[in-house]
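Please have the sequence and the model at hand while reading.

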Amino acid sequence: MSDLRVLVVEDEGIIAKDIQSTLNRSGYSVIAVASSGQEAIEKAMEMYPDLVLMDIVLEGDMDGVAAAEKIRDRFDIPVVYLTAYSDDTTLQRAKITEPYGYILKPFQERELYTTIEMALYKHKIERKLKENERWVATLLKSIGDAVIATDTSKLITFMNPVAEALTGWKHEEAVGKPIKDVFKIINEKTGKEVEESATRLLQDRVVTGITNHAVLIAEDGTKRPIDDSCAPIRDDKGRIIGVVLIFRDITETKRMQDSILKSEKQLRNLSSSILSAQEQERKRISRELHDDLGQILTAVLLDISRAEKQETILSSSSYGFLEHIRVGIKEALQRVRSLSAILRPGILDQLGLKAAVISFLEEIQEQTGLKIIEEMQVDQSNIPESVSIAIYRILQEATTNIVKHAEAKQVIVKLQSDSKTISISIKDDGKGFKLESLPIDKGLGLLGMKERAEWLGGVFKIESAHSRGTSICAEFPLFSKKLAT
Ligand SMILES: Nc1ncnc2c1ncn2[C@@H]1O[C@H](COP(=O)(O)OP(=O)(O)OP(=O)(O)O)[C@@H](O)[C@H]1O
Ligand SMILES: [Mg+2]
């Protein structure tokens with residue numbers, strides 16, 4: 001038994017009393033009795049009952065059907081008719097007011113109770129449904145994506161405000177129209193019309209992902225790049241009863257992507273021009289050191305020899321002093337030569353890449369005690385200067401890394417070329433490292449090697465694993481547009 005508040009509308013006093021006591025026995029409380037339609041509306045507004053039990057023929061101008069209609073529309077209170085009239089006309093009029101029950105007088109107590117309980121339950125469910133509908137409608141209106149729903153004939157049944165803004169169609173105009181009239185998309189690249197995913201889904205029963213390079217054409221002809229997706233709407237038996245299409249404007253995302261690509265290209269150009277300027281500068285300093293400083297030091301050595309011949313003006317202690325100077329100058333000259341060679345190995349320009357690589361590796365072996373195995377199968381005749389320098393620098397950096405980080409015993413260096421490509425690989429048996437866990441700001445060596453290779457149209461690969469050594473490989477095309485510039 002519930003404690004529900006019921007408004008009874010009945011103009012016959014004795015019947016009203018009878019109804020009231022029946023309701024009380026069933027556990028309902030009658031909060032008021034109204035005898036006219038007007039009074040019923042006033043009481044409903046004032047007391048907000050849980051249910052109205054309404055007679056149809058009432059005193060006054062307004063009958064029960066008219067009063068029930070107003071109560072339903074204004075206050076959403078369930079109304080059950082309790083009447084002696086069951087003629088067709090009355091029933092038809094009552095039906096329009098969507099009553100929650102219809103009981104004919106004389107009634108059984110049990111019948112009244114069951115009808116009221118059913119009415120309350122139905123009203124509760126309907127209220128919940130309405131709440132859900134409002135919730136879904138608010139959700140669809142407030143989300144940032146555009147949403148269009150269709151039935152199985154591809155006719156639009158719903159459209160949210162974002163979809164209105166993007167297509168240029170108002171909801172009222174679009175509802176009932178074929179989706180292809182409202183949601184017109186073309187392929188950005190070909191300019192050709194694309195079949196939207198709702199059609200594909202309904203025809204082929206295929207749930208498709210994003211339509212590639214889709215551009216939406218709005219009602220006024222405005223074109224916007226979009227991302228779209230599509231899903232079937234199913235009934236409780238799993239049958240497809242429509243399609244929901246979700247899409248969004250990606251103009252801004254595309255603009256940002258384009259500018260990030262563009263920036264990457266600019267950075268790559270910048271780094272390659274820095275590398276090439278650095279190479280030029282090294283060449284210049286190397287030449288100055290070798291030709292200028294080297295010449296001066298050699299001239300000083302000649303002067304010392306000449307001075308030693310001036311026996312008449314030199315004391316015996318001066319010979320020892322001159323010898324000391326000679327040793328110092330020779331050492332300085334040696335340093336100048338090796339500095340000059342590091343900056344720009346003359347052997348590279350004079351004898352070519354193969355000789356420069358062999359000479360460099362001999363020096364490393366001598367200085368570090370590393371066992372170096374060389375495999376050289378290279379035709380020197382067609383290697384562009386820029387490629388020779390890049391390979392030499394990669395070898396320098398890779399071996400410096402081995403000496404600095406690898407704790408290796410042995411290194412295998414392969415230099416190979418055929419008519420189209422040349423490659424260098426440097427493989428050590430050292431401790432290796434995890435490439436993916438290298439901090440981004442760790443060093444510039446690996447990055448520089450990659451930049452050098454890629455700038456010349458080559459490919460740079462590095463493989464390394466803990467305790468399994470590191471392998472670096474760079475392959476260059478011998479003829480490419482980049483080499484011509
Ligand atoms: N052959 C190798 N064996 C083991 N670890 C290596 C090897 N080569 C590179 N590494 C690891 O990769 C890191 C990055 O190398 P990279 O040459 O980029 O920088 P770096 O040598 O630390 O500094 P930089 O070259 O700028 O002077 C190194 O710090 C080292 O941890
Ligand atoms: Mg390094």
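Five strands form an open sheet in the order 12-13-14-16-15, with mixed pairing. Strands are DSSP runs of E with at least two residues, helices are runs of H or I with at least four, and both are numbered from the N terminus. Two strands pair if DSSP finds at least two bridges between them. Strand 12 (371–377) and strand 15 (459–464) are at the edges with a single partner strand each, so one side of each has no neighbour in the sheet. On average, neighbouring strands are turned by 10° against each other, direction ignored.

This is a predicted model, in which local features need pLDDT of at least 70 and side-chain atom pairs pLDDT 80 or more, while totals for chains, interfaces and linings use all residues. Residues are numbered from 1 along each chain as its sequence is written, and chains are lettered from A and ligands numbered from 1 in the order in which they are written.

Strand 13 (residues 410–417) and strand 14 (residues 421–428) pair in the antiparallel sense over seven bridges. Within strand 14, D428 is the bridge partner of V411.

Angles run from 0 to 180 degrees between N-to-C directions of axes, which are lines fitted to C-alpha atoms, for helices over the stretch in contact.

| Helix | Strands touched or crossed | Angle |
|---|---|---|
| Helix 13 (residues 353–368) | strand 12, strand 13 | about 175° with strand 12 |

Notes. Two residues are in contact if their C-beta atoms, placed from the backbone, lie within 7 Å.
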